Structure formats: structure tokens, C-alpha cells
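Biologist: I would like to learn how to read a model like this one. Can we go through it feature by feature?
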Amino acid sequence: MSDLRELYQEVILDHSKRPRNLCHPDRANRSADGHNPLCGDRITVYLVIEDDLVRDVGFEGSGCAISTASASMMTEAIKGRSVAEVDRLFHLFHDMLTSRDAPVLPPAELDKLAVFSGVREFPVRVKCATLAWHTLRAALEDVAKTVSTE
Ligand code: ZN
């Protein structure tokens, strides 16, 4: 288990140092801002939604390693997926971090996102890990306001 934990930490560190899809796609037709006042994380998520599919996704912002890595891995996980699939991933990810009844092993569908399962032991960090996902949801619903984790 400690090996797995080290691997998880390596993946998170890698994504926080070299975030993927850190950009504002030209054709973005949805966006939302998110803020986690507890930690000071700020993020803007951009989406290119066509035919109910996430054709492209990018994000900008500044935050701690967990929030940056979570945003980076989220963009990789949702690109090319349908809006319904993305919604399902949001719920699986959110439950993994917040539900008391979450299974010990994260659902296979979460794939690489399982690296964040250890974060549930640190309630303050849960908001860092879920900020990008809450902001993504607001962007999908095209809610023109800043999402706050508070
Ligand atoms: Zn944070």
C-alpha cells in the first residue's frame, strides 16, 4: 500500500509541476470561474462543447499542487467524452472524496483519477481536489457566476 501511495504522490506531483491542457482554447464556448477561499486556489475552466461532446478543454489559474494536479488530470479524463459521461465522472469523483459510504477501492471507471482517493483523509484538501470539478459543472451548466467551495 505504501508503494501505491508513493506512486499516487508521484503522479500528483508530476501533474502539478507540468499541468496538461493549461490553456484557453480559441473555440471555447463555455467557461466558469472557481475559487477555494480556504486555500486561495483560483481556476477558470474552458470547454468546447459540440454535439453534446467535450471536444476540447483547458484551464487557467493558480493554486496549490493538489488543485492544479486535479484540474490537469480532470482535463485529460473528460476530453472526448459526452456531457452525460462527464457528469457521471463528477459524481464518482465527488463521492470518492466526500461520501462516508464510498467503497474502499475507487470505482474502475475513475481510472487514473483514483490517485486522489487518499485526499479524503484530509478534509481541507478535499476542496482543493474538487474545485476544478465543481467549476467544470458550472461551465457545463453555463452558470455565469464564480463557484466557491465555501
Ligand atoms: Zn488548495
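Biologist: Where is S99 found?

Modeller: This is a predicted model. In it, S99 sits in the loop between α3 (83-98) and α4.

Biologist: Is S99 buried or exposed?

Modeller: Buried means under 20% relative accessible area. S99 has 18%, so it is buried.

Biologist: Which residues does S99 touch, leaving out those up to four places away in sequence?

Modeller: H94 and R120.

Biologist: Now the aromatic rings. How do I read a pair?

Modeller: Two values describe a pair of aromatic rings: the distance of the centres and the angle of the planes.

Biologist: How many aromatic pairs does the structure hold?

Modeller: Two. Take F93 and F116 to begin with. Their ring centres are 5.8 Å apart and the planes stand at 75°, so this pair is edge-to-face. F93 belongs to helix α3, while F116 is in the loop between α3 and α4. The pair links distant parts of the chain, 23 residues apart. Both F93 and F116 are buried.

Biologist: What geometry do F93 and W133 have?

Modeller: They are stacked. The distance is 5.1 Å centre to centre, with 25° between the planes. This pair also joins distant parts of the chain: F93 in helix α3 and W133 in helix α4, 40 residues apart.

Biologist: What relative accessibility does W133 have?

Modeller: W133 has 1%, so it counts as buried. F93 is at 0%, and therefore counts as buried too. Taken together, F93, F116 and W133 form one aromatic cluster.

Biologist: Why does the pair of C64 and C128 tie together separate parts of the chain?

Modeller: Look at where each one sits. C64 is in the loop between β3 (53-62) and α2, and C128 is in helix α4 (residues 123-141), so the pair ties together parts 64 residues apart in sequence.

Biologist: Are C64 and C128 buried or exposed?

Modeller: C64 has a relative accessible area of 17%, so it is buried. C128 is at 1%, so it counts as buried as well.

Biologist: And pockets? How is empty space found?

Modeller: Rolling a probe the size of a water molecule over the atoms shows where empty space is left.

Biologist: What volume does the largest pocket have?

Modeller: About 610 Å³. It is lined by 23 residues, and the closest to its centre are R5, Y8, S117, G118 and V119. Two elements give two or more residues to the lining: α1 (2-17) and α2 (65-78). The largest share, six residues, comes from α1.

Biologist: How do the lining residues of the largest pocket divide?

Modeller: 16 are nonpolar, three polar and four charged.

Biologist: One last residue. Where does Y46 lie?

Modeller: Y46 is part of strand β2 (residues 41-50). Its relative accessibility is 10%, so Y46 counts as buried.

Biologist: Which residues is Y46 in contact with, leaving aside neighbours within four places in sequence?

Modeller: Among them are C23, H24, P25, A28, R30 and S31, and also D56, V57, G58, F59 and E60. As for A138, 92 residues from Y46 along the chain, the two C-alpha atoms are separated by 11 Å.

Note on methods:
Residues numbered from 1 in each chain as written. Predicted model: local features only at pLDDT ≥ 70, side-chain atom pairs only at ≥ 80, totals over all residues. Heavy atoms only, no water. 1 Å grid on protein atoms, 1.4 Å probe; cavity = no way out; pocket = protein on both sides within 12 Å on 5 of 7 lines; lining within 4 Å. Points joined across faces, edges and corners; volume = space filled by probe spheres on them. Helix = DSSP H or I, 4+ residues; strand = E, 2+ residues; numbered from the N terminus. Nonpolar A, V, L, I, M, F, W, Y, C, P; charged D, E, K, R; others polar. Buried < 20%, exposed > 50% of the residue type's maximum accessible area, 1.4 Å probe, protein only. Contact = heavy atoms within 4.5 Å. Phe/Tyr/Trp six-rings, centres within 6.5 Å; stacked < 30°, edge-to-face > 60°.
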